[in-house]
Amino acid sequence: MRKPKIVVLGAGYGGLMTVTRLQKALGQDEANIVLVNKNDYHYETTWLHEASAGTLHHDRVRYDIDSVINRSKVEFIRAEVEDIKTDEKKVVLNTGEIDYDYLVFALGGESETFGIEGLKEHAFTISNVNAARQIREHIDYQFATYAMETEKKDERLTIVVGGAGFTGIEFLGEITNRVPELCREYDIDYSKVRIYCVEAAPMVLPGFDPELVKYAVAHLEKKGVEFKIGTAIKGATPEGIKVAKGEDETEEIKAGTVVWAAGVRGSSVIEKSGIENMRARVKVNPDLRAPGHDNIFVIGDSSLIINEEINRPYPPTAQIAMQQGEVCARNLVKLIKGSEDALETFTPDIKGTVCSLGDDDAIGVVFGKKVTGTKASFMKKMVDNRALYMIGGPSLVLKKGKFNVL
Ligand SMILES: Cc1cc2nc3c(=O)[nH]c(=O)nc-3n(C[C@H](O)[C@H](O)[C@H](O)COP(=O)(O)OP(=O)(O)OC[C@H]3O[C@@H](n4cnc5c(N)ncnc54)[C@H](O)[C@@H]3O)c2cc1C
């Protein structure tokens, strides 16, 4: 009998969680499992702000996919996904086409620039290992060039972070730790460096407890961050950014580095595929399948799930992507084994959220309790280690874990 073929797209949190659970639950004779990813490594997206600031080497944030998959049960294809032909049950890769019986779409998200002029061309985004490496190198280059040039351009040492959400704040926590090191390395006066956080919304870290937000802002301001809250970025240029000033005017902030960290949308492959979506995110059925596509599951940042309590979408997180991966795998096993039971409904189980403010400080709510300082920083590292454990067990934690917990 022909074995059903499950194709999982993306080896991020959602995709790897699905594959590692499937390889345990299904025998070699029950299904063909295929994993497709553009690199032969997985990266911890939630650690990319550290690699971008240069406080953690980029090799520390990634590991070989081979080290966590069972090659006797899972075929790995290194390729870029370009499109899905849902009516033919085929995935278009840059290397050719593959067919599927069941598809798991877990290609993560992409940066949302809201059509702001020049952002795509002149701002960096913390989106993958290559982008993180480029941001780190660029900031280093600005400091090195400043040290060399006879006519000093102070704006080289200005760093603008667009967005005061989770990613923006975590990056600011790291870069404010890295800048003093850079100043020492390149003999630059620290007072020449400016670090701005520009946010259009009237608040920092929307959805976070106000007391914790106050703590985070005070901590970052002490480390030199200037917040411009309620200030919309209107455009980016090779020289910096333009921000709204009053009704129709704009003001320029000259900056050698602009990092855009203000929005996430789903994968552009979803938009191409014709699967119904909103900003490339699919409002999935309770069992995580795409409406109208009984053989396609969408998980992680490309899925959209509504928090019924506040009638708003859950923010896309690794925590949710991993939990979805587990449910998706169990539902696939039911379908493959022809179980009579109904497919499982996905409900996020939010255990807490911790936002780091550098290696040594953080804020968060864990099991309903507010935490700050070293205690929160310790919790953050435990959360990071847990993600490794869930996918690769204790050996992966030993290889890649964060043990500088005190
Ligand atoms: C700096 C930063 C800090 C964050 N901190 C936290 C945090 O503390 N807690 C939290 O819960 N969440 C955090 N998040 C959000 C979290 O990282 C995402 O929600 C999570 O990574 C989504 O998981 P995913 O499986 O959907 O996608 P990802 O983990 O991003 O994986 C997608 C995979 O698909 C691959 N891929 C993409 N496109 C293609 C293609 N066309 N072809 C082939 N392969 C492709 C990618 O290479 C990648 O391996 C943070 C995000 C950032 C950027």
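Phe208 is buried in this predicted model, with a relative accessible area of 15%. That value falls under the 20% limit, so the residue counts as buried.

**Aromatic pairs**
- The count comes to two aromatic pairs.
- Tyr41 and Tyr43 make a tilted pair, because their ring centres are 6.4 Å apart and their planes stand at 55 degrees.
- Phe166 and Phe208 also form an aromatic pair, with 6.3 Å from centre to centre.
- The planes of Phe166 and Phe208 are at 50 degrees, and the pair is tilted.
- This Phe166–Phe208 pair links distant parts of the chain, 42 residues apart.
- Phe166 belongs to helix H5 (residues 166-185).
- Phe208 sits in the loop between strand S13 (194-199) and helix H6 (210-222).

**Charges over rings**
- Tyr41 is buried, with a relative accessible area of 10%.
- Arg62 lies over the face of Tyr41, at 4.6 Å from the ring centre.
- Tyr41 therefore takes part in a tilted pair with Tyr43 and has Arg62 over its face.
- Lys152 lies over the face of Tyr146, at 5.2 Å from the ring centre.

**Strand pairing**
- Strand S7 (residues 90-93) pairs with strand S8 (residues 96-99) in the antiparallel sense.
- Four bridges join S7 and S8.
- Lys90 has Asp99, in S8, as its bridge partner.
- S7 and S8 form a hairpin, with two residues between them.

Key
Residues are numbered from 1 along each chain as its sequence is written. This is a predicted model: local features need pLDDT of at least 70, side-chain atom pairs count only at pLDDT 80 or more; totals for chains, interfaces and linings use all residues. Side-chain values use heavy atoms; hydrogens and water are left out. Rings of Phe, Tyr and Trp (its six-membered ring) pair if their centres lie within 6.5 Å; planes under 30 degrees apart count as stacked, over 60 as edge-to-face and the rest as tilted. Buried means under 20% relative accessible area, exposed over 50%, partly exposed in between (1.4 Å probe, protein chains only). A charge sits over a ring if NZ of Lys or CZ of Arg is within 6 Å of the ring centre and within 35 degrees of the ring normal. Two strands pair if DSSP finds at least two bridges between them.
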